[in-house]
Amino acid sequence: MISCADNRAAPPWLRSCLLAGLALFLNGCAAYTPKPLEHWPEPSRIQTKTERGTIVSAGILEDEQARQLYGVDLASVGLQAIWLRIENTSEHGRWLMVSELDPNYFAPNEAAVLFYPILAEADEERLTQRIRDLAIPLKTSAGAVTEGYVLAPRHEGGRYLSVSLVGRRHVLNFGFAVTLPGGDFDFESLNSAAVYAGAELPDLDQDQLRKELIALPCCVADEAGRAAGDPLNLVLIGSAEDVLASMSRAEWSYTNVINVDTVRRMLGAALSGASYPVAPVSPLYFMNRPQDLALQRARNTILQRNHLRLWLAPFRFQGKSVWVGQVSRDINIKATTSSSSLTTHVIDPNVDEAREHVLQSLLVAGAVKRFGFVRGVEPASADNPHTNLSGDPFFTDGLRLVALLSGDNTTPLDTVGFIEWRESKDPQAK
C-alpha cells in the first residue's frame with residue numbers, strides 16, 4: 001500500500017484518486033450531470049488515410065473537449081480520448097488492434113472506476129454507461145462505419161497513433177502524427193518555410209551533401225557564438241512533417257518552450273523528483289540562432305532524459321530538407337545562473353551512445369530509409385575528453401549520424417540501406 005509519505009511514487013491516476021477521496025470526505029459526493037450526446041466534439045486536427053477500401057480518420061480530443069463529452073476530467077487521472085472513425089467499404093470485416101494503438105489503453109469499466117471516489121453511488125453506473133457508449137467497437141463489418149474513442153494514458157503535445165486493422169490474411173496499418181497545440185510547445189512556432197524565406201537553397205547530390213556536412217562547425221555555441229559546446233552529431237533528412245512523424249513514431253515527445261509556467265513546473269519537478277516528459281530544452285546556438293525544434297525521450301523523473309535539438313540547414317538533399325542536430329543523454333540536474341530556467345542538466349559523457357539511441361529508436365520504428373556517418377567533431381577519449389558549455393566532459397569517435405527519414409511510410413529493418421561513408425565504433429566498447 002502506498003502511504004502519504006511515498007505517494008510521489010504513485011502513478012498519476014492513483015494520486016488523483018487519493019486526492020479525490022479526500023475531497024469526497026471533506027465535501028461529499030459530486031453530482032454527475034453530463035451534457036446530452038447530441039453531437040460529438042471533433043478533434044481540431046483530424047487526419048485521414050485510405051488503404052484497400054478502408055478509410056481511417058484519427059484525432060485526439062483536447063482536455064476541455066473531453067471534459068465536456070465525458071462529464072469528468074480525464075486529464076485529472078492521466079487519461080486522453082483518442083477518436084477514430086473507420087469506414088470499411090471492402091467486403092471483409094476487420095478487427096481494430098487497440099493494443100497496437102496503445103498497449104496501456106484503459107477499457108471502459110476500468111476507466112470509469114477511477115472516478116468512483118468523487119461520484120455518488122447512483123451516478124457510477126451512469127458514468128460507466130457513458131464511457132461504454134463512447135468507446136469504439138473493436139470490429140468493423142464489411143460496408144460499415146464505426147466511430148468512437150479509445151481512452152489511453154495522456155500524452156502532452158500530441159503523439160503518434162498507430163492504427164492496425166486485421167482482416168482475413170491481411171493487415172492494414174495507418175500512422176498519424178497528431179499534435180495538440182496548447183500554446184507552450186516549440187513546434188507551434190516552427191515555420192520551416194520562413195527560416196530561409198526568399199533564399200534559393202541549393203539542392204545537393206550525395207557527394208555534395210557529404211562535403212557540406214563535413215564542413216559544418218564541430219559544435220553548438222553560446223548566444224554570442226564564441227564558445228564550443230556539445231557536438232553537432234546528428235543529421236536528419238526530411239520535411240518538418242517527416243521529422244515530427246518519424247520521431248513521435250519512435251516515441252520521442254514534443255517539448256515545452258521556456259516561460260514562467262514551464263519554469264515553475266520544471267523547478268517543482270526537480271525538487272520532487274517527479275516526471276515532466278515535455279520539459280523545456282534550453283537554447284543552444286548554431287548558425288546564429290537557437291534550435292528550431294527540440295524533442296526528447298524522458299524517464300519517470302526530470303533528472304534523466306534523452307534530448308535533441310535540430311536546426312534547418314541552408315541546403316537541401318534531393319528535394320528534402322536537411323536538419324543538423326545535437327543529441328545527448330541527460331543523467332542528472334544542477335543549478336546554474338547561466339540559464340533562464342535556473343537549472344541545467346548534466347550529460348552522459350558518452351555522447352556516441354545517445355547518438356546510437358536515436359538511430360536504434362528510429363530503426364525499430366521503421367522510420368529510416370538509409371543512414372550513414374560523416375566526420376564531425378575532433379575525436380576525444382574518455383581519458384582526454386572535450387567539455388561542453390556547462391563544463392561537463394564528453395568523449396566521442398567524432399562522427400555524425402546521417403539518417404534519411406521514412407516519414408509516413410514504414411521501412412522494414414531488412415530493407416534499410418547503409419550509406420558507405422564511414423562506420424561508427426561500438427559506443428559501449430569504450
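Me: What makes E7 and E8 paired strands?
Reply: Two strands pair if DSSP finds at least two bridges between them. Strand E7 (residues 158-167) is joined to E8 by 10 bridges, so the pair meets the rule. The two run antiparallel. Leucine 161 stands opposite phenylalanine 176 in E8. This is a predicted model, where local features need pLDDT of at least 70, side-chain atom pairs count only at pLDDT 80 or more, and totals for chains, interfaces and linings use all residues. Residues are numbered from 1 along each chain as its sequence is written, and side-chain values use heavy atoms, without hydrogens or water.

Me: Why are E5 and E8 called edge strands?
Reply: The open sheet has 4 strands in the order E5-E4-E7-E8, with antiparallel pairing. Strand E5 (139-140) and strand E8 (170-179) each pair on one side only.

Me: Why does tryptophan 95 count as partly exposed?
Reply: Its relative accessibility is 44%. Buried means under 20%, exposed over 50%, and partly exposed in between (1.4 Å probe, protein chains only). Tryptophan 95 therefore counts as partly exposed. It lies in strand E4 (residues 94-96).

Me: What makes the nonpolar surface patch?
Reply: Trp95, Met97 and Leu138 make it, at about 280 Å². Nonpolar side chains are joined within 5 Å.

Me: How many cavities of 30 Å³ or more are there?
Reply: The count is 1. A cavity is a set of points on a 1 Å grid where a 1.4 Å probe fits but cannot get out.

Definitions and conventions
Patches are made of residues with over 30% relative accessible area and no salt bridge: like charges are joined within 9 Å, nonpolar side chains (Val, Leu, Ile, Met, Phe, Trp, Tyr) within 5 Å. Accessible areas come from the Shrake-Rupley method with a 1.4 Å probe; for residues, only the protein chains shown count as cover. A salt bridge is a side-chain nitrogen of Lys or Arg within 4 Å of a carboxyl oxygen of Asp or Glu. On a 1 Å grid over the protein atoms alone, a cavity is a set of points where a 1.4 Å probe fits but cannot get out, and a pocket is an open set with protein on both sides within 12 Å along at least five of seven lines; lining residues have an atom within 4 Å of a point. Grid points are joined across faces, edges and corners, and a volume is the space filled by probe spheres set on the points.
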